[in-house]
Amino acid sequence: VLTRSEGKRPPALDSILARYNPDAVVFHCGLEPGTLVRPDGEAVASRSLQGFAVYAFSGIARPDRFEADLTRLGMRLVGARRFPDHHRFRRGDLAAVSRAARERRADVLLTTEKDLVRLADRPEGGPPLYALSIRVTFPPGPGLPAFILDRLAARRGSGRPRVTS
C-alpha cells in the first residue's frame, strides 16, 4: 500500500518489484487530517481550532507534513519542536515544549495521534493538548477491501482451517 502516491508508482519501486516480485499487487491510498483528539479520547472537529495559535511537537519521520496539515486546517503555527522518529518523550522534553509554547503565546499544544499514545506524562503548565488524527482514504472501486475478501474466501475454500476471533 503506497501512501501519498497520487496513484503513481515510483520508478525505484517498479524496478524492485520487477526483480523480486513482479506479480505483487500495489494499492494507493491518501492520508488526510482527521479530527483532533484530546488526551481523554474526546474528538473535536479540527475546524474548531481555526485561527488559533498552535505550538506543534512531534516525533515522526516527516514532521513537515504534519505541520503543513495544521496550516492547511487554518491554524497559526507559532512554533514547532521536532524530535527524532519514534522518540520516547520524557518529562524534560514535555517541560521544554510547554515552556516554548508559553513563550510563543500559543493557545494550544498540538501533536500527532501516534505521539500522543507515547506520552508517559502530559505537558504541565502549558496550553491545552490535542492530537491530530489521520484518516486513510482509498480511491473508489473494489481495491484493497475486495482483494482481502477474495483472498480470505479463496483460503476458506482451500480446506485450510478458518481463523475466528
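1. Arginine 105 sits in the loop between helix 3 and strand 6 (108-112); helices (H or I, at least four residues) and strands (E, at least two) are DSSP runs numbered from the N terminus. Its phi is positive, about 60 degrees, although the residue is not a glycine. Arginine 105 counts as exposed at 70% relative accessibility, where buried means under 20% relative accessible area, exposed over 50%, and partly exposed in between (1.4 Å probe, protein chains only).

2. On provenance: the model is predicted, local features need pLDDT of at least 70, side-chain atom pairs count only at pLDDT 80 or more, and totals for chains, interfaces and linings use all residues. Residues are numbered from 1 along each chain as its sequence is written, and side-chain values use heavy atoms, with hydrogens and water left out.

3. Histidine 86 also has a positive phi, about 65 degrees, and is not a glycine. This residue lies in the loop that runs between strand 5 (76-82) and helix 3 (91-103). With a relative accessibility of 54%, histidine 86 is classed as exposed.

4. Next, the charged pairs. A salt bridge is taken as a side-chain nitrogen of Lys or Arg within 4 Å of a carboxyl oxygen of Asp or Glu. The count under this rule is 9 salt bridges. As background, side chains of opposite charge can pair when their charged atoms come close.

5. One of these salt bridges is between arginine 135 and glutamate 32, with the closest N and O atoms 2.6 Å apart. The pair connects distant parts of the chain, 103 residues apart: arginine 135 belongs to strand 7 (residues 129-137) and glutamate 32 to strand 2 (residues 28-37). Both ends are partly exposed: the relative accessible area is 45% for arginine 135 and 32% for glutamate 32.

6. Aspartate 64 and arginine 62 are joined by a salt bridge between their side chains, at 3.2 Å from N to O. Aspartate 64 is partly exposed at 35% relative accessibility, and arginine 62 is partly exposed at 41%.

7. Arginine 38 is partly exposed, at 27% relative accessibility, whereas aspartate 40 is exposed, with a relative accessible area of 53%.
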